[in-house]
Amino acid sequence: MNKIITISRQYGSGGREIGEKLAKEFGVPFYDNELISRAAKESGFAEAAFKHAEEKATNSLLYSIAMGMNAYGSQDFGFSSLSLDDKIFLAQSNIIRKVAEDGPCVIVGRCADYVLKDVPNVVNVFVYAGLDFRINRATKLYGISERKAAEQVMKYDKRRANYYNYHTSEKWGNMFNYDLAVKTECVGIDESVALIKVFVEKCN
């Protein structure tokens, strides 16, 4: 396998688990939170800063306004400085490019599909599922109530969408941005891994 696989996913759909299993199937490195640790080490920013940058992207309008004012200047909207969040995103993007240069791997989240959009041999996958399936899965995995799981699913999906939409100027979940979309509630986690593996092996 000579491909780099990026996986974007809805919360509770099983995307991270699929990514891990897929990496093992192909015998290639798997990157998720490791990207934060490496980016923090090489950039000098604390790991907490990377996590906070994604967590604060909760309200798309307020976030975009705040980030826009920081990134482009509150007076003349010039390009004289970047916000801390933008610097963090760039540091993380640099690490994503570096691991991609190292060879085949599986990368989950972190806007990797956008960061590597001009890199050859990249297969972008979107993993999704119905709301009830994701709530039920979150309830079982994390031992929380159905109501709490529902809140968590909606919160994390909104956070991921806002973060992706701001940094990429694309729409998170837009199927035209991906090579393959897999609905896990239809086939399950292991079958999703098998399906993606076949697709990747046949994808030119």
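A residue counts as partly exposed when its relative accessible area falls between the buried limit, under 20%, and the exposed limit, over 50%. Lys-21, at 29% relative accessibility, is therefore partly exposed. The model is predicted. Its salt bridges number nine.

**Salt bridges around Lys-21**
- Lys-21 pairs with Glu-17 in a salt bridge, with 3.3 Å between the closest N and O atoms.
- Both residues sit in helix α1 (residues 15-26), four residues apart, so about one helical turn separates them.
- Glu-17 is partly exposed, with a relative accessible area of 28%.
- Lys-21 also forms a salt bridge with Asp-190, where the closest N and O atoms are 2.7 Å apart.
- Asp-190 belongs to helix α10 (residues 189-202) and Lys-21 to helix α1, so this pair ties together parts 169 residues apart in sequence.

- Glu-151 and Arg-147 meet through their side chains in a salt bridge, 3.7 Å from N to O.
- The two lie four residues apart in helix α8 (residues 146-168), about one turn of the helix.
- Glu-151 is partly exposed at 44% relative accessibility, whereas Arg-147 is exposed, with a relative accessible area of 67%.

**Strands β4 and β5**
- Strand β4 (residues 122-128) runs parallel to β5, and four bridges join them.
- Val-125 stands opposite Leu-180 in β5.
- Strand β5 (residues 180-183) has Leu-180 and Val-182 on its covered face. Ala-181 and Lys-183 make up the uncovered face.

Definitions and conventions: Residues are numbered from 1 along each chain as its sequence is written. This is a predicted model: local features need pLDDT of at least 70, side-chain atom pairs count only at pLDDT 80 or more; totals for chains, interfaces and linings use all residues. Side-chain values use heavy atoms; hydrogens and water are left out. Buried means under 20% relative accessible area, exposed over 50%, partly exposed in between (1.4 Å probe, protein chains only). Two strands pair if DSSP finds at least two bridges between them. A salt bridge is a side-chain nitrogen of Lys or Arg within 4 Å of a carboxyl oxygen of Asp or Glu.
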